[in-house]
Amino acid sequence: MSLSVCLIVKDEEAVIARCLNCAAKFADEIIVVDTGSSDGTVAEVKKFTDEVYFYKWNDDFSAARNFSLEKAGCDFVMWLDADDVISDENCKKIRELVEKGGFDMAFLPYAAAFDGDKPSFTYYRERIFRRSKNYRFSGAVHEAVTPCGNIVYSSAVVEHRKVKPGEPLRNLRIYQSKLAQGETLDARAKFYYGRELFFNGMYLESIAVLEDFLRGDGWLENKIEACFNLNRAYSAVGETEKARMSLLRSLDYAPPRSEFCCLTGEFFIKKGEYENAAYWYKTALNCLDESKKGGFCNADYCGFIPNMQLCVIYDKLGDYKTAYDYNEAAGAIKPRDGRYLYNKNYFENKFKENNK
């Protein structure tokens, strides 16, 4: 079985060779669609492939992605972003997955928001498709392919390692332009539009859009995430009770996730109810791994944050040994984190004083 790797790029001279060096280890064909680069991106790409195409950018990521898929000629197609990186071990896993075949769509973990070598944000993305099934992306922003067919999950991780900030208002501008033209957003686009408003500090507008999204049909994982976003948006505008109720609404869709537990623990810390807070942070440490359900998974809420907060709680309760142990558990996850190192020094000094 053969594999076409497809990318859409613009002004990615700084990272494109890094990505294509990885892709060359498992791809039978590399297809790159340039959407208007003004730097040396195209020259870098031509060092790896002659299949370079040009597409006039029209504020529609799906249209550009689908144009790239149409150029593919192998049994399977895989999409990448220019700032994606894949380790040698995971390149081998991808090659083995494709050679084995027997699937229509493969989901791979997408790791981002790195703290050193470890990602704090991971979620599964539909990544490799059987070309004969004619899968296509939809959505002008946050484009995706609707899952269907024989689906498999691989452990081959794709790392999204940005070296420059993106255009912060680009996605928001695209959504607002479409609304101004009279277009109606579907449920998925409405969810992401609400998130873009939140990320850009437009909290009241975000609340209105996300509340409207929750009243309609939508993917369960997006609804859970919308509840968490609403919790933060209501908190930002001082609506404490509505923030708390938004958090509780996530339980309409699924058992408590680690993020729910940590945000609930934060609520009790603010009230000074440390035993109640400890309960929720301990629960966060024992939540099931729900990553294969496709939702966003912030690993910090599964380990580092609850351990750090339990350290704070037991310090306030005067149980310094337990506080120290939780800080060490956090340090095992992020040994170079300044907060862990500060706490470690704090407890070592405290123990020295107590032993005098």
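Me: Which residues does glutamate 44 touch, not counting residues up to four places away in sequence?
Reply: Glutamate 44 touches Glu13, Ile16 and Ala17 on that count. Contact means heavy atoms within 4.5 Å. Keep in mind that this is a predicted model: local features need pLDDT of at least 70, side-chain atom pairs count only at pLDDT 80 or more, and totals for chains, interfaces and linings use all residues. Residues are numbered from 1 along each chain as its sequence is written, and side-chain values use heavy atoms, with hydrogens and water left out.

Me: Why does glutamate 44 count as buried?
Reply: Buried means under 20% relative accessible area, exposed over 50%, and partly exposed in between (1.4 Å probe, protein chains only). Glutamate 44 has 18% relative accessibility, so it counts as buried. Glutamate 44 lies in helix α2, residues 41-45. Helices (H or I, at least four residues) and strands (E, at least two) are DSSP runs, numbered from the N terminus.

Me: What makes aspartate 337 buried?
Reply: The relative accessible area of aspartate 337 is 10%, so it is buried. Aspartate 337 sits in the loop between α13 (320-333) and α14 (338-354). Beyond its neighbours within four places in sequence, aspartate 337 is in contact with Asp115 and Phe304.

Me: Is cysteine 74 buried or exposed?
Reply: Cysteine 74 has a relative accessible area of 9%, so it is buried.

Me: How many helices and strands does the protein have?
Reply: The secondary structure comes to 14 helices and ten strands.

Me: Why is the protein called as compact as a globular protein of that length?
Reply: The radius of gyration is taken over C-alpha atoms, and the globule rule is 2.2 Å times the number of residues to the power 0.38. For 356 residues the rule gives 21 Å. The protein has 23 Å, close to that value, so it is as compact as a globular protein of that length. Buried residues make up 48% of the 356 residues.
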